[in-house]
Amino acid sequence: VELLTRAAAVAIERSRAEAALRKLNETLEQRVQAETRERLQIWNVSQDLLVVTDLDGKFLNVNPAWTAVLGWSEAELLGKTSQWLLHPDDRAKTRAETEHLAAGKITQRFVTRVQRKDGSYRWLSWKAVQDHARIYAMGRDVTELKDAEDKLRDARVELAQVGRRSTLAAMSGAIAHEIRQPLGAIVTNANAALRWLNRPAPDFEALA
């Protein structure tokens with residue numbers, strides 16, 4: 001009887017443990033599904049360009065923002081690298097940055113010009129990291145910011161030029177004033193000398 005009681009207790013305990021384990025597994029599965037849905041939602045609604053590439057920079061996955069921002073479809077991008085999209089002046093430095101990422105370097109702010117499907121270019125600022133032979137990158141459209149920075153730089157250059165012109169004008173005015181006074185005296189004396197010389201009897205002593 002004692003053995004039966006002990007076996008029954010063990011069976012009950014085992015049943016409770018299995019039920020708790022099933023509940024834990026269900027909870028973990030629900031949590032994984034919820035996190036997966038959230039990450040997928042973030043991937044789909046993000047206005048930033050998200051991309052997964054191999055170590056050579058070949059696109060393995062892109063989010064819908066690539067179509068919204070640049071006009072390229074997923075089918076047009078997958079299996080290719082970014083080289084054909086880049087501005088010619090940015091291709092060499094992008095290739096070097098990809099090699100650095102493959103070697104384990106983290107990209108914090110790497111700005112390139114990427115071509116839209118209509119032929120125009122957008123400035124994108126990239127953050128990227130390499131993990132398990134994959135490069136995970138996020139690109140943010142900073143075209144408006146770059147345009148504002150360019151306009152500010154041009155305004156500063158123009159302001160500096162205006163300042164130099166104003167300084168030059170002030171110096172020219174001061175020099176002209178300094179020259180005008182002695183020149184005025186010279187002209188006055190010359191006119192007086194002419195008048196004395198034009199007299200019937202010139203006054204040479206006055207000229208001296």
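The model is a predicted one. The protein comprises 6 helices and 5 strands, and 22% of its 208 residues count as buried. The largest pocket holds about 380 Å³ of space, the structure contains 3 aromatic pairs, and the salt bridges number 8.

**Fold**

- Along the sequence, the secondary structure elements follow the pattern α-β-β-α-α-α-β-β-β-α-α.
- The pattern is made up of 6 helices and 5 strands.

**Largest pocket**

- The space in the largest pocket amounts to about 380 Å³.
- Its lining consists of 24 residues, and T53, F59, S82, T94 and T98 are those that lie nearest the centre.
- At least two lining residues come from each of β1 (49-53), α4 (91-102), β3 (107-115), β4 (121-131) and β5 (134-141).
- Helix α4 gives the most to this lining, with 5 residues.
- By residue class, the lining of the largest pocket divides into 12 nonpolar, 9 polar and 3 charged residues.

**Aromatic pairs**

- The structure holds 3 aromatic pairs. One of them joins W66 and W126 in a tilted arrangement, with 6.0 Å from centre to centre and 35° between the planes.
- This pair links distant parts of the chain, since W66 belongs to helix α2 (residues 65-70) and W126 to strand β4, 60 residues apart. Both W66 and W126 are buried.
- The ring planes of W72 and W84 meet at 70°, and an angle over 60 degrees counts as edge-to-face, so this pair is edge-to-face, with ring centres 4.9 Å apart.
- W72 lies in the loop between α2 and α3 (74-77), whereas W84 lies in the loop between α3 and α4; the two are 12 residues apart, and the pair links distant parts of the chain.
- W72 has a relative accessible area of 10% and is therefore buried, while W84, at 31%, is partly exposed.
- Ring pairs also join F59, W66 and W126 into a cluster. F59 is also among the lining residues that lie nearest the centre of the largest pocket.

**Charges over rings**

- The charged end of K93 sits over the ring of F110, at 5.6 Å from the ring centre.
- The charged end of K146 sits over the ring of W123, at 4.4 Å from the ring centre.

**Salt bridges**

- Side chains of opposite charge can pair when their charged atoms come close.
- The count of salt bridges comes to 8.
- One of them joins D90 and K93, with the closest N and O atoms 3.8 Å apart. D90 is buried at a relative accessible area of 2%, whereas K93 is partly exposed at 37%.
- K105 is partly exposed, with a relative accessible area of 40%, and E97 is buried, with a value of 11%.
- In the salt bridge between D141 and R122, the closest N and O atoms are 2.9 Å apart. The pair connects distant parts of the chain, with D141 in strand β5 and R122 in strand β4, 19 residues apart.
- D141 has a relative accessibility of 27% and so counts as partly exposed.
- Salt bridges that share partners bring D90, K93 and R113 together in one network.

**Positive phi angles**

- Most residues other than glycine have a negative phi.
- H132, which is not a glycine, has a positive phi near 50°. H132 is located in the loop between β4 and β5.
- The relative accessible area of H132 is 70%, so H132 is exposed.
- A133 likewise is not a glycine, and its phi is positive at about 65°. The loop between β4 and β5 is also the place of A133.
- With a relative accessible area of 35%, A133 is partly exposed.

Conventions: Residues are numbered from 1 along each chain as its sequence is written. This is a predicted model: local features need pLDDT of at least 70, side-chain atom pairs count only at pLDDT 80 or more; totals for chains, interfaces and linings use all residues. Side-chain values use heavy atoms; hydrogens and water are left out. On a 1 Å grid over the protein atoms alone, a cavity is a set of points where a 1.4 Å probe fits but cannot get out, and a pocket is an open set with protein on both sides within 12 Å along at least five of seven lines; lining residues have an atom within 4 Å of a point. Grid points are joined across faces, edges and corners, and a volume is the space filled by probe spheres set on the points. Helices (H or I, at least four residues) and strands (E, at least two) are DSSP runs, numbered from the N terminus. Ala, Val, Leu, Ile, Met, Phe, Trp, Tyr, Cys and Pro count as nonpolar, Asp, Glu, Lys and Arg as charged, and the others, Gly among them, as polar. Rings of Phe, Tyr and Trp (its six-membered ring) pair if their centres lie within 6.5 Å; planes under 30 degrees apart count as stacked, over 60 as edge-to-face and the rest as tilted. Buried means under 20% relative accessible area, exposed over 50%, partly exposed in between (1.4 Å probe, protein chains only). A charge sits over a ring if NZ of Lys or CZ of Arg is within 6 Å of the ring centre and within 35 degrees of the ring normal. A salt bridge is a side-chain nitrogen of Lys or Arg within 4 Å of a carboxyl oxygen of Asp or Glu.
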